[in-house]
Amino acid sequence: MKRISSIIILLAAAVMTVFGQTPAEWEKLEKSVNFYVANDLGRNGYYDQKPIAELMGRMAETVGIECVAAAGDIHHFEGVVSTKDPLWMTNYELIYSHPELMLAWYPICGNHEYRGNTQAVVDYAKVSRRWEMPARYYTKVLEDDGVTVRLVFVDTTPMIDKYRKDSEKYPDACKQDIEKQLAWVDSVLTAATEDWVIVVGHHPIYAQTSKSDTERADMQKTLNPVLLKHKNVAMYVCGHIHNFQHIRKPGCTIDYVVNTSGSLSRPKVEKIDGTQFCSGIPGFSMVCADKQELDLHLIDKDGKVVYTVSHKK
């Protein structure tokens, strides 16, 4: 009987190893400031969206999450038409319904939001207490136990020419003042004195993808020079590609991280120059920071940390 019990325990441990990590292991990740990064979500709960949402809630029962940085494309495929669009329920409210996810969500628009009414995405902050989006681009400082993390949220769709030129499909993109936004980013980064600075956008600056090369070229031409001016930028975190990628360019101190989709990923991904890690699994990320270390954990749909991007003082 004891032997059978031992076998059952070993089998249970093996299953946990394969399918996820335990709350005790999650607890070890916690630092002073902790938050999620989630993006490319809106699938009305289908594919892996609902299970991943539930996982985010369960993990937040163990780790003290302060907010969710929602890096765009919360709504596929045509954005929303108003603050009363039913998609707010089926893509967001009824999916991320765990009590531990009733905290601040800091969103930005992705290219799919730009297919619809982008002002309604901003205005939804007047409807939902947890949807804290004061503008298309903005900055927030998280602070706990004396540790400070500045998040700089940028609006990347207008920075890419193909969206600006297609005013029929992306009617609001050409209306945005890129130079004004870039000057604002520069001023925020110049004044930032926090322990850690992370810039969050929707589109990647560097990534392997079948999407048009002009997207990354435009981002490298517009936003990246501003980031490179400032030695305090630890990471640029984005979505859009629907898989995990960590790229570190030689001689550059910025970690370029692509966060995967929280619903439907693109499994095919290959290494490019500077790739440290890549994976085509769905999931989300969790950022944990103290005075000495900033960790961004890439987490799969079973709750396993598959890779960690780490900055140390």
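The predicted model contains nine helices and 13 strands. Along the principal axes, the C-alpha trace extends over about 70 × 45 × 40 Å. The radius of gyration is 19 Å, which agrees with the value near 20 Å that a compact globule of 313 residues would have. Of the 313 residues, 58% are buried. The accessible surface amounts to about 13400 Å², and carbon and sulfur atoms account for 54% of this area. Among contacts between residues at least 6 apart in sequence, 71% link residues at least 24 apart.

In soluble globular proteins, nonpolar side chains tend to be buried together. The largest nonpolar core of the model comprises 99 residues. Within this core, the residues with the most contacts are Phe35, Tyr36, Tyr96, Ile198, Leu223, Tyr236 and Met286. For Leu223, when residues up to four places away in sequence are not counted, the residues touched are Val154, Met159, Leu182, Val185, Ile205 and Tyr236.

Helix H8 spans residues 213–222. Its buried residues are Glu215, Arg216, Asp218, Met219 and Thr222. These residues lie on the same side of H8, because the arc they cover around the axis is only 160 degrees. An α-helix has 3.6 residues a turn, so residues three or four places apart point the same way. On the other side of H8, Asp213 and Lys221 are exposed.

The cysteines were examined for disulfides. A disulfide is a covalent bond between the sulfur atoms of two cysteines. With a cut-off of 2.5 Å between cysteine sulfur atoms, the count is zero disulfides. Cysteine 278 takes part in no disulfide, and the nearest cysteine sulfur, in cysteine 238, is 14 Å away. For cysteine 288, the closest cysteine sulfur is that of cysteine 67, at 12 Å, which is too far for a bond. Cysteine 288 has a relative accessibility of 0% and therefore counts as buried.

Note on methods. Residues are numbered from 1 along each chain as its sequence is written. This is a predicted model: local features need pLDDT of at least 70, side-chain atom pairs count only at pLDDT 80 or more; totals for chains, interfaces and linings use all residues. Side-chain values use heavy atoms; hydrogens and water are left out. Buried means under 20% relative accessible area, exposed over 50%, partly exposed in between (1.4 Å probe, protein chains only). Helices (H or I, at least four residues) and strands (E, at least two) are DSSP runs, numbered from the N terminus. The arc is that of the directions from the helix axis to the C-beta atoms. A nonpolar core is a set of buried Ala, Val, Leu, Ile, Met, Phe, Trp, Tyr and Cys residues joined through side-chain atoms within 4.5 Å. Contact means heavy atoms within 4.5 Å. The radius of gyration is taken over C-alpha atoms; the globule rule is 2.2 Å times the number of residues to the power 0.38. Accessible areas come from the Shrake-Rupley method with a 1.4 Å probe; for residues, only the protein chains shown count as cover.
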